[in-house]
Each structure stands twice: as structure tokens, then as C-alpha cells.
Amino acid sequence: MNNKRFEISAKDADAGGRCRLLGESPARLLYAAAATCGPSLGRAPHTHNCVEFLYMVSGVGQFRMGENLFAVSKGDFVIVHPQVEHAGKNLSAHPLEYIILGVEGLLFPPGIENLYGVYHFHGDQESVRRILQLILRELEDRPAGYIQMCQAFLEMLLILLGRYTDFASSFEPTRRVGRECAVVKRYLDANFTKNISLDQLAELAHVNKYYLVHSFSREYHISPISYLIRRRVKESCRLLIDSDYSLAQISRLLGFSSPSYFSQSFRKLMGMSPMEYRKHSRGMPRRQT
């Protein structure tokens, strides 16, 4: 997967200010990327703290969103909720090309069941594509006032979404995720097999550990250490299905202090023992993709 990505730092955003349309919209552009995806998955399934917009420029492919798999083609506009695992792949001789925007300050309200949306602009795809390409050009060249221009283009895109879809009634503003919480979450996602303590995480985030627990729990509805355990248990599910490792081996690989603590944590989250999960999962037919 080829990926040309441009980010807007918090420092640059604060210095550049915001262009306000749409009645003081809270949306802020975090990054934009032009991606090309080959026959295999472009990258491992992953999540983001922000909403992601993906516009299909050319090609035919598939996107996996959570447990769902669906086809996409030129002109499709995909919206991915925060914290939803997703990945894409190409399904034709030509690469699947798409543009990605990461947008902060928008959140699906409670009660919305779908974790993604696929929209079509019915003849106005060219306007959408042009706006996205202008954003990419501004971020690549970074002329004077580029942040304000990117914000203005983002607001134009939101207007088009509201014009052609039910997007406007499906979103509400939310507060920005604390920077220290985002840093800690990224660290946990990348290093969950290591021996990690709350004191280490607090040192990493440069905050008091009690403040970190409070802030992280407020943002993600789970404490940092509980999130670490959940991340390990999630990975253990894959190892239980796809490998013949013993419980002791899995426990050691994933950083649990002992096999008994691994089994205890697994049962608490999954409602069954690791061996029961392995037996049940291997007895189930694999879903065809």
C-alpha cells in the first residue's frame, strides 16, 4: 500500500486559527492522505481516535469495518466512526486509490447502530474529489494561510454531505481527546506485550498517575491498565485460534504475570476459559471473505 500523508500539528493549528462556517462547526482537520491499495490488505486492521472520511478515486475493492465486509468503487464516500477497526484491499487489476481525511470534533451520537456509512453524491462526485485534492495540495505545499484554507475546504465538504446525505443529523460535536490520553493509548496499542505499569504510563504522559487514570477513564470509559488487559486478551483470542501455543506460552508472549492471571482475565472479559474459547472457535466454520 502506497500512502502519502500530511498532518496538521496542534501547534500549527493553534497558530493558524480556524475558519468558521456552518454555525461554528467544531470540526477540525487532523490529517489527509492519498493511498493506493494492492490485492492484499493495505495494512492490518486498525482504529483511530477521530472520524475518518475515505473517498474512492478509482478502482474496485473491499473494506472491512468491524465484523462487516462490503464493496466500494469509484465515487463512494466512506465514513468510519472512531475506534472502529477497518482495513481495505483491491479487487481488480487496477489499484484501489482513495483519499483519506482524519477529522476531530465530530462524533456519532448514542443510538446510531451502524459503525460506518457509505454515501454517494449523485452527480456531484467531481466537486467532492476536487475539494479533497485541494486539501492535499494545500497540506503538501503549505503556503501562507494553508490551515485556514484546509478548514474552509473541510467545511465545504460537510455542507455537501449535508446536502446529499443524512450526515448533518447523524453527528454532534464532542470535546477533543486529551493529548496525554492519546499518547498513552498509542503506546499501549504498540507495546501491550511488554511489562507496563501505571507509573511508567504517567511518566510517559508527564502527568500524575491519578490524573491519568481519571482522564483516560473519562475519554475511553476504561482505565489504562484495564485497557492494557483487554488489548492482551483480544490478541490472545487470535493466538488461541490460529496457533497451538499452550496457555503458558500465550501468557508469557502477551505479558501476563502468570498463566492463572491470564485465564482469570480472559474469563472475566470473554465469559469462558481460554481453552473453552479455543475449542468453541475451532469448532465453528470459518466465514468466507
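A polar contact is taken here as a pair of N or O atoms within 3.5 Å, where within protein one must be able to donate a hydrogen and the other to accept it, and residues adjacent in sequence count only if both atoms are side-chain atoms. By that rule, the side chain of Ser243 reaches the backbone nitrogen of Tyr245 at 3.4 Å. The model is predicted, with local features needing pLDDT of at least 70 and side-chain atom pairs counting only at pLDDT 80 or more, while totals for chains, interfaces and linings use all residues. Residues are numbered from 1 along each chain as its sequence is written, and side-chain values use heavy atoms, with hydrogens and water left out.

**Overall make-up**
- The protein has ten helices and eleven strands, assigned as DSSP runs (helices H or I of at least four residues, strands E of at least two) and numbered from the N terminus.
- Of the 289 residues, 44% are buried, meaning under 20% relative accessible area with a 1.4 Å probe and protein chains only.

**Around Ser243**
- Ser243 sits in the loop between helix H7 (224-242) and helix H8 (247-253), and is buried at a relative accessible area of 13%.
- A polar atom of the Ser243 side chain also lies 2.5 Å from the backbone oxygen of Leu239.
- Not counting residues up to four places away in sequence, Ser243 touches Arg238, Arg278 and Arg282, contact being heavy atoms within 4.5 Å.

- Leaving aside neighbours within four places in sequence, Val128 is in contact with Tyr55, Phe77, Phe121, Leu157 and Leu160.

**Aromatic pairs**
- Eight aromatic pairs are counted, a pair needing ring centres within 6.5 Å, with planes under 30 degrees apart called stacked, over 60 edge-to-face and the rest tilted.
- Phe216 and Tyr227 are edge-to-face, at 6.0 Å centre to centre and 65° between the planes; because Phe216 lies in helix H6 (residues 209-220) and Tyr227 in helix H7, the pair ties together parts eleven residues apart in sequence.

Note on methods:
Buried means under 20% relative accessible area, exposed over 50%, partly exposed in between (1.4 Å probe, protein chains only).
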